Amino acid sequence: MSRTAVFKLCLVAAIAAVIFASFAYSETDIPMADIIARKPISDYEFPGLQKKISLDIRAMDVTQFLKFLASDGNLNIITSKSVTGPLSLLINDVTIGDALEIALSMNGFAYQVKGNIITVMTAAEFKTMFGVEFYDQRGMATYQLKYASPKNVATILGNIKSEIGKIIYDDSTGTLILIDTPAKIREMDDIIKKQEIPTVVRILPLDTRVYEFKYARVDVVKDEIAKALTVDIGTMRSDLRTNTIVVSDLPHQLEKMDVLIRAFDRKTREVFIEAKVVEVTLSDKLQWGIDWSRIIQMAGSMIDITLTPQVSLPLSLAAGTIGKLTVATTSTNALSVILETLATVAETRILSNPHITVEEGKEAKIEVIEKQPYQEETTTTASGGTTTSSKSYQWVNIGVSLSVTPRINQDGYISMLIKPEVSSISAWYGGAAQAAGAVPVVKSANAQTTVTIKDGVTIIIAGLVKDNKTTSEHKIPLLGDIPWVGLGFKKISNEIVRTETVVFITPRIVTGDVTFLLEKDMPKPSRGLRK
């Protein structure tokens, strides 16, 4: 066979390889497969690749040939140091892209296209960089089977694949991967379509476990558990009456489910809250509220108290007051010292001393409320002109309301969301105080703060100031009761008394097995005073 005939045969083979690779990369009609194949250089949209040339070269250095194509086609071509050797080529009316593909394939060179740069390297260098053979004509198709067993389908396809083909499957997830020539992948795709039908049931290695919750509620956590199930495989059923769920899933997924359910079904911890609501009557010296720096100075080393930055109240109860909420923490042993020190500078009165136990994450509410009545009068006129009046009493809540939501972290600290509110009647609308038809105007101050403290530390919330208006009458007996004349024998005076409400909160973590009121009476080690 002559040299020209050999060259023509190589040219035909190279062009056939290019056409085959182009066909392999084009979109296929396989709906469930993603075929991956090498993209030929002539498929890239570089204008110079479509220019046609005719060449007759003998033993020309390949690097010089690539420089010629780059110059003639206005291309960016870079070669590695290993790209060397002679090249002989006889072509007529062929595009530069096909000529480049033929020349590289005849000499066993590979290429990479990045941006508008073509990098030419040896096949060994390409495999070192990307881990695959450059001239491997195999493609890859991935299937997610829903009905057929991947193992059974893989057994059938094993007799059809080519010698260079490979089949990988995972029966638990229904995954089937084909690595073969595009023609073989299309042939095997027809078989997969005939196997993947709803009448075929794939048997999965499922396990079933029953979880009976001790503390958590099934209706609360079942949505989170459902998110952890294997998609289209795992199932869950629940029974609210017995607080039980039944989970069916893959064995390795059930191991994760055990960890998840143990985290959800944790024993609920509780917080015992001891509160004291103290009302302090403010004198002229304390008209802006309690001076805590003075209280700390008077108590000296007998207390350990920490003041945090003040929090502004959204509404002050008394006109002209500063309107600041003071939050502080102190040890439980110092609480009695603080109360005694307060009593030396102002008149104090304990409004309430409640104790309450609440589960972590839930709200506990403490109220010291006075129901203030007021009268409503309703007038009804009948069609005949008859007018009737009816009176009824309504009630409005006045006093102190405190809501506490505790949360316990892993280190034993308690984070408390505290919402105190103090309300009072500032005036009466539509008449004198408690007169018929008069409606009370309620003024309230509320705040919200979050404090993180150790178990047993006392929180002090102060700065809730309000004005109480009182009316007193002084008269001479008998003479003061005479109409008109009695006005000269009696005196009516209005007095405004300003008070500040101080709330002391002491939370303690309890197990719920023993009543904490009994634990309080147990002997505890004494703590010395700090010097």
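Start with two helices, α7, residues 218–227, and α8, residues 251–264: their axes come within 11 Å and cross at roughly 155°. Keep in mind throughout that this is a predicted model. How do α7 and α8 run relative to each other? An angle over 145 degrees counts as roughly antiparallel, so α7 and α8 are roughly antiparallel to each other. The crossing of α7 past α8 is right-handed.

Which residues make that contact? From α7 we have V221, E224 and I225, and they meet M257, L260, I261 and F264 of α8. By type, the contact of α7 with α8 has six nonpolar residues, one charged and no polar.

Now the cores. In soluble globular proteins, nonpolar side chains tend to be buried together. Here the largest nonpolar core holds 33 residues. Those with the most contacts inside this core are F65, L66, I77, L100, I118 and V120. The elements giving two or more residues to the core are the strands β1 (52–61), β3 (86–95), β4 (109–114) and β5 (117–122), together with the helices α2 (62–73) and α3 (96–106). Which of them gives the most? That is α3, with six residues.

Setting aside neighbours within four places in sequence, I77 is in contact with L66, A70, L100, I118 and V120. Apart from this core lies another one, of 18 residues, including V271, I366, I459 and V503.

Next, I53, which sits in strand β1. Is I53 buried or exposed? Its relative accessibility is 9%, and buried means under 20%, so I53 counts as buried. Not counting residues up to four places away in sequence, I53 touches L69, D72, I91, N92, D93, V94, I96 and A99. I53 and G73 are 20 residues apart in sequence, and their C-alpha atoms are 9.8 Å apart in space.

Last, I295, in helix α9, residues 292–299. I295 has a relative accessible area of 3% and is therefore buried. Beyond its neighbours within four places in sequence, I295 is in contact with I290, T341, L342 and V345. Along the chain, I295 and I338 are 43 residues apart, while 7.5 Å separates their C-alpha atoms.

That is what I have; questions are welcome.

Notes
Residues are numbered from 1 along each chain as its sequence is written. This is a predicted model: local features need pLDDT of at least 70, side-chain atom pairs count only at pLDDT 80 or more; totals for chains, interfaces and linings use all residues. Side-chain values use heavy atoms; hydrogens and water are left out. A nonpolar core is a set of buried Ala, Val, Leu, Ile, Met, Phe, Trp, Tyr and Cys residues joined through side-chain atoms within 4.5 Å. Buried means under 20% relative accessible area, exposed over 50%, partly exposed in between (1.4 Å probe, protein chains only). Helices (H or I, at least four residues) and strands (E, at least two) are DSSP runs, numbered from the N terminus. Contact means heavy atoms within 4.5 Å. Axes are lines fitted to C-alpha atoms, for helices over the stretch in contact, and angles run from 0 to 180 degrees between N-to-C directions. Angles under 35 degrees count as roughly parallel, over 145 as roughly antiparallel, 65 to 115 as roughly perpendicular and the rest as oblique. A crossing is left-handed if the near helix is turned anticlockwise from the far one by less than a right angle, and right-handed if clockwise. Ala, Val, Leu, Ile, Met, Phe, Trp, Tyr, Cys and Pro count as nonpolar, Asp, Glu, Lys and Arg as charged, and the others, Gly among them, as polar.
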